Amino acid sequence: MGFLIRLAITAVALWITTLIVPGVEVSGRSGANTVLTLVVVALIFGVVNAVLKPVIKVIGCLFYVVTLGLFALVVNALLFLLTDWIAYVLDLPFQVDGFWAAFWGAIVMAVVTWLISVVLPDRLEAR
């Protein structure tokens with residue numbers, strides 16, 4: 001159940017990101033298509049982050065230290081662009097227009113995901 005809640009949180013954060021950040025778009029043909037696209041892209045984003053981010057952190061440890069963690073913003077933007085590319089390959093109506101849209105999109109996603117996680121009670125995630 002925790003996985004589904006986390007997926008829903010990420011999908012909502014992605015939806016809010018598409019509303020706030022110009023250049024991050026979901027263009028579904030209907031409301032149901034848009035929701036399905038958001039859920040699938042949230043799943044892709046979660047898998048990309050779960051698989052690649054730890055590897056990148058280990059390999060790029062020196063960059064994280066030298067830049068005082070600011071390199072993480074670039075890594076998050078690149079992972080967001082990778083999610084866009086995978087969505088394109090899967091023919092999903094999700095688009096990120098360049099690095100800066102990905103950069104701000106990743107920041108908004110992180111903040112919104114954190115805010116929603118803070119608002120939700122812990123007992124919902126434990127079930």
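How are helix 4 and helix 5 oriented to each other? I began my notes on this predicted model with that pair, and I find helix 4 and helix 5 to be roughly perpendicular to each other. The axes of helix 4 (residues 71-89) and helix 5 come within 8 Å and cross at roughly 105 degrees, and the class follows because angles of 65 to 115 degrees count as roughly perpendicular.

I then listed the residues that meet there: helix 4 brings L73, V74, N76, A77, L78, F80 and L81, and helix 5 brings F99, A102, F103, G105, A106, I107 and M109. Sorting this contact by class, I get 12 nonpolar and 2 polar residues, with no charged residue.

**Helix 1 and helix 5**

Next I looked up helix 1 (residues 2-20) against helix 5 (residues 99-119), whose axes come within 8 Å and cross at roughly 135 degrees. That angle makes helix 1 oblique to helix 5, and I noted the crossing of the two as right-handed. On the helix 1 side the contact is made by R6, I9, T10, V12, A13, L14, I16, T17 and I20, and on the helix 5 side by G105, V108, M109, V112, T113, I116 and S117. The residues of this contact divide into 10 nonpolar, 5 polar and 1 charged. I see that G105 and M109 are listed here and also in the contact of helix 5 with helix 4.

**Helix 2 and helix 4**

For helix 2 and helix 4 I read axes that come within 9 Å and cross at roughly 135 degrees, and the two helices are therefore oblique to each other. Helix 2 passes helix 4 in a right-handed crossing. From helix 2 I recorded V41, I44, F45, V48, N49, L52, K53 and I56, which meet V75, N76, L79, F80, L82, T83, I86 and A87 of helix 4. By class, I count 12 nonpolar, 3 polar and 1 charged residues in this contact.

**The largest pocket**

Last, I turned to the largest pocket, with a volume of about 300 Å³. Its lining has 16 residues, and those that lie nearest the centre are T10, F45, G46, N49 and T113. Helix 1, helix 2 (31-59) and helix 5 are the elements that give two or more residues to this lining, and helix 2 gives the most, with 7 residues. By class, I find 9 nonpolar, 5 polar and 2 charged residues in the lining.

Note on methods
Residues numbered from 1 in each chain as written. Predicted model: local features only at pLDDT ≥ 70, side-chain atom pairs only at ≥ 80, totals over all residues. Heavy atoms only, no water. Axes fitted to C-alpha atoms, helices over the stretch in contact; angles between N-to-C directions. Helix = DSSP H or I, 4+ residues; strand = E, 2+ residues; numbered from the N terminus. Parallel < 35°, antiparallel > 145°, perpendicular 65-115°, else oblique. Left-handed = near helix turned anticlockwise from the far one by under 90°. Contact = heavy atoms within 4.5 Å. Nonpolar A, V, L, I, M, F, W, Y, C, P; charged D, E, K, R; others polar. 1 Å grid on protein atoms, 1.4 Å probe; cavity = no way out; pocket = protein on both sides within 12 Å on 5 of 7 lines; lining within 4 Å. Points joined across faces, edges and corners; volume = space filled by probe spheres on them.
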